[in-house]
Amino acid sequence: MTKAKKILIVDDEPLILRSMQKTLLRAGYQVVPASTCSLGLDSFKAGLDSDEPFDMALVDLNMPDFEGDEASGAGLELISRIQELQPGFPMIVLSAYDEVAKVKEAITRGARNYCVKGREQTLLDQIHTIFKEIE
Amino acid sequence: MNPLKQAPPERQIKLLSNAARVAKAVTSILDPDELLRWSVDIICDEFDFYYAGVFLLDSTGQWAVLRAARGEAGARMVESGHKLAVGGHSMIGMATRLRQARIARNVENEIEFASNPYLPGTRSEIALPLIVADEVIGALTVQSTNVDAFAQEDVATLQSMADQLAIAITNSHLHRMNQDLLKRTERRARLLNAANEVGKRVASILDLDVLLRETVDIICQAYGFYYAGIFLLDETGEFAVLRAGYGEAGAAMMAKGHKLAVGGHSMIGLATSLCEARIALDVGEERVHFKNLYLPHTRSEMALPLAVGSRVLGAVTVQSTEERAFGDDDILTLQTMADHLAIAINNAQLLRELDRANAELLRTKTYEALATATTQAVHWIGNKALPITTTIARIQSDLEREPLDLASVREDLDLIDESARLIVDVKENLLGPAREQKPRPAMLEDVVQAAAYHIGMPPTQLSLNVASDTPMVMADTTQLARALGNLFRNSLEASAAHVAVTIAPAEEHGYVSMDIVDDGEGIPAEMIDKIWAAFITTKGASHTGLGLPACLHVIGQLDGRITASSEAGHGTTFTVLLPSSPEAGSSSDQEPGLAKADKRTSHILLIDDEDPWAQFAINTLTAAGYWVTRASKLDGKLKPDVIMVDEALLAEPVSDILEKLKGSGLIGRTLVVSTALNVERTAAYLKAGVKDVILKPYTLEEFALVLAI
């Protein structure tokens, strides 16, 4: 049996975390939530060191950064750090920021796509598509 | 030698000649004071007399006042104000009353002679009346230390000399009066000029502070006064505050907030409380003069009220270092100037009050509108939120039941879905995407086409007419395209078969006008006033009614205006005014200004329909030395250095173009240009591998930035 893909979700909004976790679980994925950048990076590293690394990460942008301060670019920093550890690791940004500049920045740092919260109905399709492209 | 001592007739000849010389000398002196001083000296020198003195009648005609006299004794007598009564007991008194010469051959025997302690040497005297045109103006006394120095036969000659002296004195006074008149005329001309200057400035200077400052400068410079200041009453009406003051003293006082109480112990205080001019010709004697440490040299002052009708606005102070510095002319012209100034000040204050009242009205109306909109929003959100909470409660309760009513749960979930979707729509419409660009010059026709493209409006449904001299507009093209998209969507939802857009320079200078005319169902008369209000829609509760308010908001933010007119069943016309770009003329006549083409980037392929922007891009880039080709589809043979793809391409879907570019290995040289940037589309283009997604350039500078990428 094919093992379920493992997805890391990093978002400081508990309702978003739980709602997305349920959605992804029902879609057949394993889901690990993290509520801060630091916790997210720690989870990712733990995954790298284990025999069950992550297959994808969904990352919010505006959340506590690595110093614990609320920052609009915290998620971008997390993308960069994860890409340093594993270049090309598939990541999707899920953010309330509806700004083209943020899109460009995220993709420049290595994100595969960008989803605006409230218009995230195609997110599952995007995840499926990326996994198909990787295979 | 005294000619009178000589034997006649030589004596007479000498007398005549001396008298003639005296007459000639004195008639050449024009200054009255100098004339009098010289005359006594000349007479004594020519005739070798002991003493001579000139008396002139005072204004009462009752006293002959000594005005010039020979020697130290004479000077002392003049200084002491020595005078003799006309007709009194003296030679001078008799000469002036009887209008005849009087001789005292030996003063000891003469009853009319009054001995003078200043002139102990006098032995004989002659007093000659000074008469001009039958009027006695004074008398001349000549005294000798010799007895019998004067004989009767000398009178005629000496009287003739005295008459010449009288004429010379009168002439010199006339001369002085002429000089004074000339000075006064020149001064009056200067004052009138100054009044004119102030009048002109009153009419042309809109800034009250500038006007007041310039007025005090004009007053001091034209009149040569030491200081001028303008006070205006404060809002309480209790104090007159200095609003303009001449020179350093004025600046220092204004910096300190100098003010005087209305009705207080000062010239300004009285002028403002009584609304009348106050004049102190000698401030030392004036009870109510306010001693100002900044103006220590003031000797006379005038305070003129600034009033319109009976309303006092303030006062003007004018100060001089001389006593009695203000003549009637000064007072008249300054009061006229003050009256003009008062009118200007009153007008400025009225305008300020009007502005305040307007701003207050606007604030009130805005607040009312905001309150209404907030009420509406609260109402609307409440209506959308309730189904969510009650439905969820219902689902939770349903889940406890056996068996589970799946149809009901499905229906409830649909309810929640719809409510949630509408709430998100509110955010999309009311706020829209982030404002990432400040307004910039843009081709309005291009934004119109992009707007129609992005809402999926078929090109056949849109017709576009643009006047050739239409300038660019200042716009955030992303927001404007969204707003215009709302208008087009409105037309389509009103079943319009066709939308005609006409763009031209507006009648109002500095604006471009755009009419958007559709042939749809129109807007009912009772709704036309409400279409701009949020949350009002004719399309049912599943619509937010935010499309037009969002449009109004965007256009307002761009300093534009939008109005609507409609007739039910006959379509709707929206008229939009947008500020034109101040930079260039019409979009077709920009001159080349890009740097010389980089040899590494010589061929640019433009994938675009044949439209005005494409032509503009070709012209601009060609003039800068680039080789530019345009195609609406990809030609596999070309290998350009840079490819610009217009996102709103009609000929072929952009996604297909990008796929082909990827296949040709050219995707990494491709820039997608967009009028209205969008997150999802940008992400998709970047995922496809394009070099960048950028705002469509409409100016030389923007092209230069694009090609530097």
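This report covers charged side chains in a predicted model, their salt bridges and one surface patch.

Local features need pLDDT of at least 70 and side-chain atom pairs pLDDT 80 or more, while totals for chains, interfaces and linings use all residues. Residues are numbered from 1 along each chain, chains are lettered from A in the order written, and side-chain values use heavy atoms without hydrogens or water.

**Salt bridges**

The whole structure holds 28 salt bridges over all chains (side-chain nitrogen of Lys or Arg within 4 Å of a carboxyl oxygen of Asp or Glu).

Buried means under 20% relative accessible area, exposed over 50%, partly exposed in between (1.4 Å probe, protein chains only). D446(B) sits in helix α11 (444-454), K696(B) in the loop between β24 (692-695) and α17 (700-707), 250 residues apart. By contrast, R76(B) and E72(B) are four residues apart in helix α3 (71-79) of chain B, about one helical turn.

Shared partners join E77(A), R81(A), E105(A) and R109(A) into one network.

**Surface patch**

E13(A), E67(A), D69(A) and E70(A) form a negative patch (over 30% relative accessible area, no salt bridge, like charges joined within 9 Å). E13(A) is partly exposed at 40% and lies in the loop between β1 (6-10) and α1 (14-26) of chain A.

How values were computed:
Patches are made of residues with over 30% relative accessible area and no salt bridge: like charges are joined within 9 Å, nonpolar side chains (Val, Leu, Ile, Met, Phe, Trp, Tyr) within 5 Å. Accessible areas come from the Shrake-Rupley method with a 1.4 Å probe; for residues, only the protein chains shown count as cover. Lys and Arg count as positive and Asp and Glu as negative; His and the chain ends are not counted. The place of a charge is taken as NZ of Lys, CZ of Arg, CG of Asp or CD of Glu. Helices (H or I, at least four residues) and strands (E, at least two) are DSSP runs, numbered from the N terminus.
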